[in-house]
Amino acid sequence: MKKSIQLVAMLCFISMFSFGCSFFDNQGELIIDTTNVKTELEYNEDLDLSNLAVKAKKGSEIIYLTQGSDTSSARVYQIDYGGFDKTKGGTYKITITYKDYKTATFNVTVEKQVSSIEISGEVRSTYILNENIDFANAKLKIKYSDGTSNLIDFTKYMKWGLGIG
């Protein structure tokens with residue numbers, strides 16, 4: 001009786017251990033490299049994922065994958081674009097899937113469409129020839145097509161001096 005209990009306990013332990021190991025070993029991870037992918041896009045700019053590098057890793061084995069729609073192919077991954085719309089500003093989560101591996105994600109940001117820019121603040125409108133234009137008190141109000149706006153300090157974005165003459 002004692003031996004049968006020990007045997008049953010040992011079989012339960014072995015089956016739990018085997019199930020646990022096979023469960024963890026069967027699900028590999030995806031490694032994505034977006035170094036050569038532009039993830040910050042201008043309004044209406046196309047998303048190009050042709051240089052996205054995707055590898056599947058299970059244990060010590062690493063497989064290089066290619067993009068495609070044929071899920072029966074051994075080395076093809078799929079992309080969920082997360083509702084990506086190049087005409088709508090915002091951040092989109094791109095999801096990469098491959099067989100039963102863990103999914104991998106990265107973000108792509110589309111800038112909002114600028115509908116107008118206004119200069120406000122104390123800005124002189126009359127200057128003498130060769131006098132520098134003074135934007136020290138100027139503010140830029142950037143209006144976007146979605147109805148939002150942003151007020152920024154004009155001088156933060158000046159890269160060169162502006163002069164008349």
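Leu140 stands opposite Ile152 in strand S10. The model that shows this pairing is predicted.

- Strand S9 covers residues 138-144, and strand S10 covers residues 149-153. S9 and S10 are antiparallel and pair over five bridges.
- Four residues lie between the strands in the hairpin of S9 and S10, where Gly147 has a positive phi near 95°.
- S9 also pairs with strand S8 (residues 114-121), again in the antiparallel sense, and this pairing has seven bridges. Ile117 stands opposite Ile142 in S9.
- Which residues of S9 lie on its covered face, and which on its uncovered one? Ala138, Leu140, Ile142 and Tyr144 form the covered face, while Lys139, Lys141 and Lys143 form the uncovered one.

**The open sheet**

- Seven strands make up an open sheet with mixed pairing, in the order S1-S3-S4-S5-S6-S7-S2.
- Strand S1 (29-33) and strand S2 (40-41) are the edge strands, each pairing on one side only.
- Strand S5 (residues 76-80) and strand S6 (residues 90-97) run antiparallel and are joined by three bridges.
- Asp80 stands opposite Thr95 in S6. Thr95 counts as buried because its relative accessibility is 17%, and buried means under 20%.
- Leaving out residues up to four places away in sequence, Thr95 touches Gln78, Ile79, Asp80, Thr103, Ala104 and Thr105.

**The largest nonpolar core**

- The largest nonpolar core contains 21 residues. Leu30, Leu49, Leu52, Leu65, Tyr77, Ile94 and Ile96 have the most contacts inside it.
- Strand S3 (53-58), strand S4 (61-67), S5, S6 and strand S7 (104-110) each supply at least two residues of this core.
- Which strand gives the most to this core? S7 does, with four residues.
- Leu30 has contacts with residues including Val54, Ala56, Leu65, Ile96, Tyr98, Tyr101 and Ala104, not counting residues up to four places away in sequence. Leu65 and Ile96 are themselves among the core residues with the most contacts.

**Aromatic pairs**

- How many aromatic pairs does a search of the whole structure find? The search finds two.
- Phe84 and Tyr92 form an edge-to-face pair, with 5.3 Å centre to centre and 70° between the planes. Tyr92 is buried, at 11% relative accessibility.
- Tyr98 and Tyr101 form a tilted pair, with 5.1 Å centre to centre and 50° between the planes.
- Why do Tyr98 and Tyr101 count as buried? Buried means under 20% relative accessible area, and the value is 3% for Tyr98 and 9% for Tyr101.
- Tyr98 and Tyr101 are both touched by Leu30, a residue named above in the largest nonpolar core.

Methods
Residues numbered from 1 in each chain as written. Predicted model: local features only at pLDDT ≥ 70, side-chain atom pairs only at ≥ 80, totals over all residues. Heavy atoms only, no water. Phe/Tyr/Trp six-rings, centres within 6.5 Å; stacked < 30°, edge-to-face > 60°. Buried < 20%, exposed > 50% of the residue type's maximum accessible area, 1.4 Å probe, protein only. Pairing = 2+ DSSP bridges. Contact = heavy atoms within 4.5 Å. Core = buried A, V, L, I, M, F, W, Y, C linked by side-chain atoms within 4.5 Å.
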